[in-house]
Amino acid sequence: MDNSVLVVGGGIAGLAAARALRERDIPVEVAERGGARSDGLAINLPGNAITALTALGVGDGLRRLGRPTGRREYRSARGRLLFAVDEDAFWGSDARPRCVRRSDLLALLTGGLDVAVRRATVREVRPSSRTEVLFEGGERADYGFVVGADGVRSVVRAAVTDQSGVRSSLLSAASWRFMAPNPGVDCWTVWSGAGGAFLLIPVDDHEVYGYASGVRGGAIGGSPEWLRETFGGYPSPVRSVLESITELYHSPIEEVRALRWSSGRCVLIGDAAHATAPIWAQGAALAVEDALVLAALLAGDAREPGGGWDTVGARFEQRRRGRVTHVQEATDRFSRAAGLPTWLRNPLLPVIGPRVYRETYSALRTLDIHPPR
Ligand SMILES: Cc1cc2nc3c(=O)[nH]c(=O)nc-3n(C[C@H](O)[C@H](O)[C@H](O)COP(=O)(O)OP(=O)(O)OC[C@H]3O[C@@H](n4cnc5c(N)ncnc54)[C@H](O)[C@@H]3O)c2cc1C
């Protein structure tokens, strides 16, 4: 169908794109293959994610999920406070960062969405003036536009560039994520030492979401024993969480550094375009922002310059490249700093930490997206 859009992937990026397109009355279908997910976990949403989700129309529902993070504390492996950030003051009341369960966020994005989500796996996309899509099982269909929201191992990316662009995070090739009873932590708190970083964020008064990884790149232990060996000597909130984990996932931290995000009438968004290690927790934020910008361009919003679906890909890249590059560069800088020897890093962080937080997030505070009329 020449005027309809296929979104490949029903994760945060794909569902946000489907919502943003429906808001603008553009016919849209989602193809989601289903399968392994980490919905039992939670997700940290910084202020610009809250702003983007509010612009998408789900701000009221979002405020009922999870808990505001309130404040960030960066601590040494022995528990000494290196620096803290008052997140509520930095972001303001409309964009208070929150930690929410992933399943709740996906349900919020799906709620009231009158879009068909087909259980289907896309095998190949051939972009031209009409975009041909091949599904597993042999079915073929034409669409006016295809959005690749199919994650790090994107199939749609092959239609846009012959480079995979996938690499391991400089911080750590993998991470452990988990849920546990809250040991009394009341804000976003990370403990970092030579062997790794251990982050806890309250999701509510009773439960915390946790993340643990190495800090000097390369592999980490694939057995939960690695958590006890690396963090067993950390202060008591960490030790008591290690004894009481209820859900535990080990997964690679892969990044996508793609030189192109579009070709013809096909565009990549979210992790398919620019998966980035979660140091600044920008995955959901960038995905939802991508969706909003793309929908405005496809709707030919009068305030967007140019026109026509053939040029949307190039205009999308032009609008989004600078912001994504800013996040990628900030991620690389922090990854290198995290790997410094602790005798150097611990005295340095109280001096540069607050400034790095401010510089990274100040550039992301405003969102240049016009809501639908
Ligand atoms: C360890 C870790 C911690 C993270 N923590 C945070 C955090 O705290 N905050 C944050 O904002 N971000 C975080 N992220 C990143 C965040 O999860 C993602 O950036 C965000 O979910 C956007 O994902 P997406 O929708 O682009 O891709 P995905 O979530 O990967 O969704 C892609 C979807 O496409 C489907 N799919 C794939 N191939 C096909 C196909 N061929 N046909 C049909 N369907 C297909 C998949 O089944 C999947 O549902 C973290 C990531 C990692 C690895």
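Q: A residue is buried if 20 or more other C-beta atoms lie within 10 Å of its own, exposed if 12 or fewer, and partly exposed in between, with C-beta atoms placed from the backbone; is Gly40 buried, exposed or partly exposed?
A: This is a predicted model, in which local features need pLDDT of at least 70 and side-chain atom pairs count only at pLDDT 80 or more, while totals for chains, interfaces and linings use all residues. Residues are numbered from 1 along each chain as its sequence is written. Gly40 has 15 C-beta neighbours inside 10 Å, and therefore counts as partly exposed.

Q: Which residues does Gly40 contact, leaving aside neighbours within four places in sequence?
A: Gly40 sits in the loop between S2 and S3, where helices (H or I, at least four residues) and strands (E, at least two) are DSSP runs numbered from the N terminus. The C-alpha atom of Gly40 is separated by 6.5 Å from that of Ser103, 63 residues away along the chain. With contact taken as C-beta atoms, placed from the backbone, within 7 Å, the partners of Gly40 beyond four places in sequence are Met179 and Glu247.

Q: How many residues does each domain bring to the contact between domain 1 and domain 2?
A: An automatic or database domain assignment supplies the domain bounds, giving domain 1 (5–169 + 255–362) and domain 2 (176–254). The C-alpha centres of domain 1 and domain 2 lie 24 Å apart. The contact takes 30 residues from domain 1 and, from domain 2, 25 residues.

Q: Which element gives the most to the side of domain 1 that touches domain 2?
A: The elements that give two or more residues to this side are S3, strand S5 (71–76), S7 and strand S13 (166–168). Of the elements on the side of domain 1 that touches domain 2, the one giving the most, with 6 residues, is S5.

Q: Which element gives the most residues to the shell around the ligand?
A: A residue is near a molecule if its C-beta atom, placed from the backbone, lies within 6 Å of it, and of the 34 residues around the ligand, Gly9, Gly11, Gly151, Gly270 and Gly283 come nearest. Elements that give two or more residues to the shell include helix H1 (12–23), strand S14 (174–181) and helix H9 (283–298). Domain 1 and domain 2 both give residues to the shell, so the ligand lies between them. With 4 residues, the element that gives the most to the shell is H9.

Q: Within what arc do the buried residues of H5 fall, seen down its axis?
A: In helix H5 (residues 102–110), Leu105, Leu108 and Leu109 are buried. The arc is that of the directions from the helix axis to the C-beta atoms. These buried residues line one face of the helix, because they fall within an arc of 95 degrees.

Conventions: Contact = placed C-beta atoms within 7 Å.
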